Amino acid sequence: MIFDTHIHLNEPRLLENLDFYLKEAKESGINKFLCVGWDYESSKKAVELANKYEEIYAAIAIMPTEHKSFNNENFKKIEELLKTSKKIIAIGEIGLDYYWEKDTKIKEKQKEIFIKHINLANKYNLPVSIHCRDAIQDTFDILKANPVKKTGVMHCFSGSVEMAKEFIKIGYKIAFGGVLTFKNSITTKQVLTSIPLDDVVLETDAPYLAPMPYRGKLNEPKFIKNVAIFASNLLNMDLDKFEEKVYYNSLKIFHVETNENKN
């Protein structure tokens, strides 16, 4: 059992063969997906997919790199989407991205957009999926000063062990994907082996960041199995036990009620 907590099934490269990719993933034991939006149109598509497929859930937002398309009209449309489906289980991906943006004014705009999304998540009592790139301290400071009631997941976490523990203290799970399998991802491996298993979830970020040995290629949904195998080996854990624990972590943080977790 695997819950992919961050995937872009709404991205054209996956959409064009979606049924095939979902079938292959199901055969590998992946039975739940959180399809994440990055702007209004992709969020709308995520909701459409969630309404069509039982195994897909949606997260909707305008992510920090899309700050140019952020305006009150689009943000209002994001909120209107929330009223269209019970399969929307998170606000995301939201956060800060300073990798591409060095301008102070743009960074301040990203912070404003971030806080608006946090307020939206709290208004609808939803967890969040956090995008953080080259902005670890500012991301933490905003989450500390503007608590998300339902907390959420640190997507594609690239910070230190110490920062991972700080995010865990305020209620966040740490997500691991293909980067974990890269040879140069020493810190990411240290994070996994240094935090409680209760705070671990898995993701692909497909079609991006394919794990080894597929690095640089299209990341397919089924490749999350490679991440699970790599992580369980790193932790010297039985694969089935690892997958089961992380699966229930994912259900819990996103408040997904199923027959599997009712007892």
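**View 1. Residues around the centre of the second largest pocket.** Ten residues line the second largest pocket, and those nearest its centre are N31, K32, E54, E55 and Y57. The model shown here is predicted. The space in this second largest pocket comes to about 200 Å³.

**View 2. Elements that line the second largest pocket.** Helix 2 (18-27) and strand 2 (30-36) each contribute at least two residues to this lining. Strand 2 supplies the largest share, with four residues.

**View 3. Residue classes in the lining of the second largest pocket.** Four lining residues are nonpolar and four are charged. Two are polar.

**View 4. Residues around the centre of the largest pocket.** The lining of the largest pocket is made of 29 residues. H131, R133, C156, D205 and L209 lie nearest the centre of the largest pocket. About 640 Å³ of space is found in this pocket.

**View 5. Strands that line the largest pocket.** Strand 4 (88-97), strand 5 (128-133) and strand 7 (172-176) are the elements that give two or more residues to the lining of the largest pocket. Strand 5 gives the most, with three residues.

**View 6. Residue classes in the lining of the largest pocket.** Nonpolar residues number 15 in this lining. Eight lining residues are polar, and six are charged.

Methods:
Residues are numbered from 1 along each chain as its sequence is written. This is a predicted model: local features need pLDDT of at least 70, side-chain atom pairs count only at pLDDT 80 or more; totals for chains, interfaces and linings use all residues. Side-chain values use heavy atoms; hydrogens and water are left out. On a 1 Å grid over the protein atoms alone, a cavity is a set of points where a 1.4 Å probe fits but cannot get out, and a pocket is an open set with protein on both sides within 12 Å along at least five of seven lines; lining residues have an atom within 4 Å of a point. Grid points are joined across faces, edges and corners, and a volume is the space filled by probe spheres set on the points. Ala, Val, Leu, Ile, Met, Phe, Trp, Tyr, Cys and Pro count as nonpolar, Asp, Glu, Lys and Arg as charged, and the others, Gly among them, as polar.
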